[in-house]
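Subject: Model for your files

Hello,

Here is the structure I said I would pass on. My notes on what was found in it follow below.

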Amino acid sequence: MKIVILGAGGMGSRFGLMLKKAGKDVTLLDGWDKNIEAIREHGIRANYNGEEVQVDIDIYPIDDVDPDLKADLLIVFTKAMQLEDAIQATRSIVTDQTKVLCLMNGIGYDDILRKYFDDEQIVLGNTMWTAGLEGPGRPKLFGNGYVNLLNLGKSEEATAAAKDIVALLDEVGLNGVYEKEIFYLIYKKVCVNATMNGLCTILECNMADLGDAQASHDLINQLVKEVVDVANAEGVEMDLDEMIDHVGECFNRETIGGHFPSMYQDLITNNRLTEIDYINGAVAQKGEKLNVPTPYNQFLTSLVHTKEQLLGAK
Ligand SMILES: NC(=O)C1=CN([C@@H]2O[C@H](COP(=O)(O)OP(=O)(O)OC[C@H]3O[C@@H](n4cnc5c(N)ncnc54)[C@H](OP(=O)(O)O)[C@@H]3O)[C@@H](O)[C@H]2O)C=CC1
Ligand SMILES: CC(C)(CO)C(=O)C(=O)O
């Protein structure tokens with residue numbers, strides 16, 4: 001199976017490294033020149049749970065892909081705002097048989113992907129794996145995680161293909177889980193990102209430290225309640241206590257608590273714009289349409305945009 005990963009940042013590098021280390025046929029596509037140069041020169045060099053791990057892996061610039069490259073499985077791991085341009089620039093690698101797996105944070109990828117692919121090709125999900133970049137070609141990967149996913153297509157073939165992806169992820173240690181309710185799954189991860197990402201970015205802390213600060217729990221609970229209210233108003237049944245417990249998994253220092261969420265890495269580490277409009281901003285927008293109040297999500301969206309402007313993020 002030819003696996004192509006679109007976006008070789010922290011997460012693309014994690015998935016690329018774990019798949020390649022297990023002997024899979026993987027090619028990366030990326031838009032960051034220094035990252036491409038570094039990976040071409042010495043492969044991915046990762047700090048992998050404290051050990052130096054190196055894998056050689058093919059990588060092409062998104063705007064100069066090998067014309068013979070065709071993907072059986074395309075995993076998209078760009079930032080939300082780069083996704084459409086990246087898909088358009090790499091159309092040549094997609095055939096009718098290509099399955100597209102999207103595990104990116106936020107809401108609305110079903111609508112974006114449906115512009116370019118049939119439902120039968122699309123597999124949506126989310127992941128509790130984490131990643132960071134210490135420099136071009138140098139991901140820092142620690143802790144454990146899993147991938148939840150489900151095919152959008154209704155056919156038996158689409159289901160079988162999604163289950164094959166679960167088996168592939170299991171085989172390489174990425175822990176795949178086949179889920180039953182796609183929008184439940186998406187909102188479940190939004191509960192994590194709508195709390196951890198924006199709050200750790202504004203407060204400049206990791207997830208375990210945020211959890212240790214007792215005063216943060218009321219804020220977290222209010223943000224989660226709004227996500228759950230919006231989901232329920234959309235007909236997606238969510239239980240508030242279950243979601244608060246799920247978000248609490250992030251505080252565990254033994255697993256992922258030491259992680260600085262990807263939004264922190266974007267704005268605080270790299271002075272780049274964030275995905276806030278696809279997370280809290282998207283919850284607030286849906287709330288407005290459904291007549292569900294979302295003041296905490298609106299406030300956090302405005303705070304993060306204000307911080308982006310104060311820092312001159314690009
Ligand atoms: N990091 C995490 O722990 C997790 C992230 N996610 C989600 O996965 C998706 C991908 O995130 P992630 O891997 O963190 O993204 P990264 O920021 O690490 O990489 C995404 C892209 O940004 C560009 N880029 C990254 N760093 C730099 C830099 N310093 N300078 C210039 N360009 C850079 C590269 O492409 P280009 O040059 O084309 O911009 C890269 O492909 C997002 O939707 C995120 O929310 C989900 C779960 C966990
Ligand atoms: C919060 C976390 C780590 C959950 O996996 C995440 O999705 C991110 O860093 O963006």
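Helices (H or I, at least four residues) and strands (E, at least two) are taken as DSSP runs and numbered from the N terminus. On that numbering, Asn105 sits in the loop that runs between β7 (99–102) and α4 (109–114). Please keep in mind that this is a predicted model.

The domain

The UniProt record, an unreviewed entry, puts the feature "domain: Ketopantoate reductase N-terminal" at residues 3–149. In the model, residues 3–149 are 24% helix and 33% strand.

Asn105

Is Asn105 buried or exposed? Its relative accessible area is 13%, and buried means under 20%, so Asn105 counts as buried. Beyond its neighbours within four places in sequence, Asn105 is in contact with Lys189, Asn193, Asn197, Ser262, Glu275 and Ile279. With Lys189 there is also a polar contact between the two side chains, at 2.8 Å. Several of these names come back in the ligand notes.

Ligand 2

Which residues are closest to ligand 2? They are Asn105, Lys189, Asn193, His259 and Ser262, out of 13 residues that surround the ligand.

- Lys189, 2.9 Å
- Asn197, 3.1 Å
- His259, 2.8 Å

On its own, ligand 2 has 280 Å² of accessible area, and the protein covers 96% of it.

Ligand 1

Ligand 1 has 26 residues around it, and the nearest are Gly10, Met11, Asp30, Gln82 and Glu275. The side chain of Gln82 has an N or O atom 2.4 Å from an oxygen atom of this ligand. For Glu275, a polar side-chain atom is 2.5 Å from an oxygen atom of ligand 1. How much of ligand 1 does the protein bury? Taken alone the ligand exposes 860 Å², and 87% of that is buried by the protein.

Where to look

If you open the model at one residue, I would take Asn105. Glu275 can be followed from its contact with Asn105 to ligand 1.

Regards

How values were computed. Residues are numbered from 1 along each chain as its sequence is written. Chains are lettered from A and ligands numbered from 1 in the order in which they are written. This is a predicted model: local features need pLDDT of at least 70, side-chain atom pairs count only at pLDDT 80 or more; totals for chains, interfaces and linings use all residues. Side-chain values use heavy atoms; hydrogens and water are left out. Buried means under 20% relative accessible area, exposed over 50%, partly exposed in between (1.4 Å probe, protein chains only). A polar contact is a pair of N or O atoms within 3.5 Å; within protein, one must be able to donate a hydrogen and the other to accept it, and residues adjacent in sequence count only if both atoms are side-chain atoms. Contact means heavy atoms within 4.5 Å. UniProt positions are given in the numbering used here, feature names are shortened, and annotations may be inferred rather than shown by experiment. A residue is near a molecule or strand if one of its heavy atoms lies within 4 Å of it. Accessible areas come from the Shrake-Rupley method with a 1.4 Å probe; for residues, only the protein chains shown count as cover.
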